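Biologist: I am new to this structure and would like to go through it with you step by step. Could we begin with the place where the chains meet?

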Amino acid sequence: MNDFIWIFVSALLVNNFTLSYFLGLCPFLGVSQRLDTAFRLGLANIFVMIITALCSYALNQWVLPFAPYLRLISFIIVIASAVQFVEMAMKKLSPDLFRKLGIFLPLITTNCAILGLALFSTNKGYGFWEGLVYALGAGGGVTLALVLMAGIREETRLLNIPKLVEGTALNLIIAGILSMAFMGFAGLFST
Amino acid sequence: MSDQKLTISTSPFLKDAATTPGIMWKVVFSLLPVVIASSYYFGVGALVTTAVAIISCVLTEWFFSPRSAYSISDGSGVITGILLAMTLPPGFPLWMTFIGGIVAIGMGKTIWGGLGQNIFNPALLGRAFLQAAFPTAITTWNLPDGAFLDVQASQLAMPFMQSQADVVSSATPLAVMKFDKVETNTWDLLTGNIGGSLGETCGILLILAMVYLISVKIIKWQIPVSILLTVGILSLVFYLLDANNYPSPQFMILSGGLLIGAVYMATDLVTSPITPSGLWIYGIGIGILVVLIRLWGGLPEGVMYAILLMNAATPLINRYTAVRTYGYKK
């Protein structure tokens, strides 16, 4: 039980995919203008991560022992089909969100955070439940980072930001400050 | 008759006499005993550090602000300088203090548009930057050598040079607790007879400052009270569960930067929530994060990170705890 808590907290806060590993930064910077969009992209990320964790476990268990050279390509195929599924479902269920996410939804396919999740959990030798908890933590971490970023960016619209740093420069600075604040979690539960 | 001038305006109709400089200088006034105490414990070096931090903050603000908008007399730069200095260990090299001031004001305030616009507390942002950039220097607590007028040699280190001076380093109560599981006694924590950053040694003065600031209504009482209550209650629970491994509540509250953080940093008017229930959520959040980082984290102290993280969450808190405007239907 303790192991699961540790895996979850570690992926959520200590080794946050976005703010400590700097994985999957494109949606973090690209889709964080609005809170609701960012939150729902986070949910999409969690969903894709869970599918990836399940499939990568199955692949590791039954396919890759016989064909280890297929690792990368099979992970990518799994992720791509999961994203395709999310995309179709979203287009049907919430065309508005589909339009708002735009290019960033198909970009989850090549999002390093997702492939990173599959590779990390393989390297760490996680089993089925551990991989699932890891995916939940990592997805939660990505969502947390997205939501914090979006909250701050919505606030900056009301501020008197100097022309010089408006836009991308400020977003990168905010990302840096958030990452600095997350340094406080270093070593959490490690003893 | 009809040219009678009627002033038609929207709310607010009740105006307070408080002005920004008025508030800021009152905060500076309440900080003076803390600064004096720090020089009593750590010698004149503490005053030098404070002076350098203030100069660096004010200069940075003067340099980056549009001439029309800048006024040194509002005192906000001075407060950031003093607060930054109060979070630094004695004997911290002055050139690093200066860089901390530049980051605090430059990255913490002017890029957001100046006074009243920043998301993160400037002093803590400067401190977090220094912690990331100079992790060794900022966790070395040099013992003062006793002579009041001596400035510690490590303070005068040249930029990017290793200081050759011998220093006697001491451990802070939190570090002793974390690594040796030994608790400092409460009376020493209250009177400040302990190692630590400049402004975090004397508990009594900080409590008095809190009472003063609450009584003149500069800080909202909900924030320090909710932080201290949360830390107290949570640590009491763990203390009762396992007194050998977890520190007592009075130790948790009085040690480290919790008091100065709860009184001065968390209550920053700009970076804390504005809604009544938001204040409690914010304070409880800081309390939980402090306990989490202190008891199970890799670092002995987490007040700075806890406040920065809750600053980051403040826009969200404000948004979800917004009070329904009277007469406004959703």
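Biologist: How many residues of chain A are in contact with chain B, and how many of chain B with chain A?

Modeller: This is a predicted model, and contact here requires heavy atoms within 4.5 Å. Counted in that way, the residues in contact number 29 in chain A and 28 in chain B.

Biologist: How much area do chain A and chain B bury between them, and what percentage of it is on carbon and sulfur atoms?

Modeller: The area buried between chain A and chain B comes to about 2,500 Å². Of this area, the part on carbon and sulfur atoms is 78%.

Biologist: Which side chains meet in a salt bridge across the interface of chain A and chain B?

Modeller: The rule finds one salt bridge across this interface, besides which two residue pairs are found in polar contact. In the salt bridge the distance from N to O is 2.2 Å, and the side chains that meet are those of B:R319 and A:E154.

Biologist: Which helix supplies the largest share of the side of chain A that touches chain B?

Modeller: At least two residues of that side come from each of helix 8 (128-156) and helix 9 (168-182) of chain A. By class, the side of chain A that touches chain B holds 21 nonpolar, six polar and two charged residues. The largest share, eight residues, is supplied by helix 9 of chain A.

Biologist: Within chain A, at what angle do the axes of helix 3 and helix 4 cross?

Modeller: Helix 3 (residues 35-63) passes helix 4 (residues 71-93) in a right-handed crossing. Among the residues making the contact are A:F47 and A:I51 of helix 3 and A:F75 and A:V78 of helix 4, and the contact residues as a whole divide into 14 nonpolar, four polar and no charged. The two axes come within 9 Å, and the angle at which they cross is roughly 145°.

Notes. Residues are numbered from 1 along each chain as its sequence is written. Chains are lettered from A and ligands numbered from 1 in the order in which they are written. This is a predicted model: local features need pLDDT of at least 70, side-chain atom pairs count only at pLDDT 80 or more; totals for chains, interfaces and linings use all residues. Side-chain values use heavy atoms; hydrogens and water are left out. Buried area is the accessible area (1.4 Å probe) that two parts lose on being put together, summed over both. A salt bridge is a side-chain nitrogen of Lys or Arg within 4 Å of a carboxyl oxygen of Asp or Glu. A polar contact is a pair of N or O atoms within 3.5 Å; within protein, one must be able to donate a hydrogen and the other to accept it, and residues adjacent in sequence count only if both atoms are side-chain atoms. Helices (H or I, at least four residues) and strands (E, at least two) are DSSP runs, numbered from the N terminus. Ala, Val, Leu, Ile, Met, Phe, Trp, Tyr, Cys and Pro count as nonpolar, Asp, Glu, Lys and Arg as charged, and the others, Gly among them, as polar. Axes are lines fitted to C-alpha atoms, for helices over the stretch in contact, and angles run from 0 to 180 degrees between N-to-C directions. A crossing is left-handed if the near helix is turned anticlockwise from the far one by less than a right angle, and right-handed if clockwise.
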